[in-house]
Amino acid sequence: MDYLQLATQYLEPKLKGKYIHLETILPVLKSLNPYFEITEIGKSVQERVIHQVKIGTGKTKILMWSQMHGNESTTTKGLFDFFNFLQSDSEIANRIKSEYTLLCIPMLNPDGAFLYTRENANKVDLNRDAFNATQPEMQVLHSVYKSFQPDYCYNLHDQRTIFGTEGFNLPATISFLSPAYNEEREYNDVRLKAIHIINKMNIALQLYIPNQIGRFDDGYNINCTGDYFTTQNTPTILFEAGHYEDDYDRDVVRKYVFISLLSSFDASYENVIVNKELNNYLKIPQNNKCFYDFIYKNVKIIDNSEEKIINFAAQYTEVVQNGQLKFVASIVKIDDLQDFKGHLEYDCANGLFESKGRYFPKLEDKADFFINNLTEFNNGVKII
């Protein structure tokens, strides 16, 4: 099966870029065929509707939710691409619909999606509200979980561009986690069932992005949704969509989300757990904070009349302006940076830094500067 070809074929063209909010997805929701049961299941703090999408009639029940963090939209796009596939009459799509019942919440935090924030409108991180469920959006998720009683949960997120795969120093394009159920991070049958699915997805993804699949940290926090549902004895998988080369809009990475989702249904959910499953899972490299968006090497500065050669890094901040998402590069680190890589790196060949009449970079300044008063960098990027 050519997963990447299918991901391209069923890509939803109405969803592009990272600024995906309720008004963006509503027309796509309405266009789903009658095999999908779409229901309003609650409202956000600011009274935006939260929808669920139900498809399939099978015995095994899977609950998925995306955009719990409003500014993490890549998995939402991948989920709608997967919906397009399920609308088809292909043998695989029909098998999935006959063997599984899928209940999906494609945007749990519509206020955060509109405001382009991680938190909801009350400035609460929903992924730290799982135990107490103080927020209406988390109360909706709890209600759906209790009534649906899923066999598995898929917790769909994005991760920042800073993450790479330990030992490979490649971007962590997709990362997974079977969350812990106790402080000791022990493995039980619940975690191992999730691990079995992760291993299947990892095998499929290695064909397309070798060594760019990571394993997320499993530090235990009962307030985190995945940890909470695992303690309720439901195997839960954390999906983290990360960076791929030159794909800041994540319209390439969404294809690997689609591949992850589709390949997860190649796995047998009635399985015998063996030690090999855990060993294979632990071979997936851990996520490592080893990247910046930009690194500038061998930069001459003048600080207190002293010349030095330094390296420094810049990172994008994402802000919504006039309904459009903008990437704003700012200086975030001045160091030797020997243990870090840049998604884009420049060797400034001992050229002199200059910005606003200063000859040294300043933290939090925009990454607009000159080298040798000739080469201009604007918003982090060298102007040719």
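**Entry 1: helices on the sheet**

I began with helix α6, residues 136-148, in this predicted model.

Next I looked up helix α7, residues 189-206. Helix α7 also packs on the sheet. Its contacts there are with β5, β7 (174-177), β8 and β9 (236-241). Against the direction of β9, helix α7 makes about 30°.

**Entry 2: the sheet**

In what order do the strands of the sheet run? I read β1-β2-β4-β3-β5-β9-β7-β8. The sheet is open, has eight strands, and its pairing is mixed. I then checked the edges. They are β1 (37-43) and β8 (213-215), each of which pairs on one side only. From one strand to the next, the twist averages 20°.

**Entry 3: strand β3 and its neighbours**

I turned to β3, residues 60-66. On one flank I looked at β4, residues 100-105. The two strands run parallel and are joined by six bridges. I noted two residue pairs here. Trp65 stands opposite Ile105 of β4. Met64 has Cys104 of β4 as its bridge partner.

I then looked at the pairing with β5. Strands β3 and β5 run parallel too, with five bridges between them. Here I found Ile62 opposite Tyr152 of β5.

Why is β3 described as largely enclosed by the rest of the structure? I checked burial, taking under 20% relative accessible area as buried. Six of the seven residues of β3 are buried, so the strand counts as largely enclosed.

**Entry 4: α2 against α3**

Last, I looked up a helix pair. Two packed helices are described by the angle between their axes and the distance between those axes. For α2 (residues 22-31) and α3 (residues 74-87), I read an angle of about 15° and axes 11 Å apart. Therefore α2 is roughly parallel to α3, since angles under 35 degrees count that way. The crossing of α2 and α3 is left-handed.

Which residues make the contact? From α2 I listed Ile25, Val28, Leu29 and Ser31. From α3 I listed Thr76, Phe80 and Gln87. I sorted the residues of this contact by type: four are nonpolar, three are polar and none is charged.

Note on methods
Residues are numbered from 1 along each chain as its sequence is written. This is a predicted model: local features need pLDDT of at least 70, side-chain atom pairs count only at pLDDT 80 or more; totals for chains, interfaces and linings use all residues. Side-chain values use heavy atoms; hydrogens and water are left out. Axes are lines fitted to C-alpha atoms, for helices over the stretch in contact, and angles run from 0 to 180 degrees between N-to-C directions. Helices (H or I, at least four residues) and strands (E, at least two) are DSSP runs, numbered from the N terminus. Angles under 35 degrees count as roughly parallel, over 145 as roughly antiparallel, 65 to 115 as roughly perpendicular and the rest as oblique. A crossing is left-handed if the near helix is turned anticlockwise from the far one by less than a right angle, and right-handed if clockwise. Contact means heavy atoms within 4.5 Å. Ala, Val, Leu, Ile, Met, Phe, Trp, Tyr, Cys and Pro count as nonpolar, Asp, Glu, Lys and Arg as charged, and the others, Gly among them, as polar. Two strands pair if DSSP finds at least two bridges between them. Buried means under 20% relative accessible area, exposed over 50%, partly exposed in between (1.4 Å probe, protein chains only).
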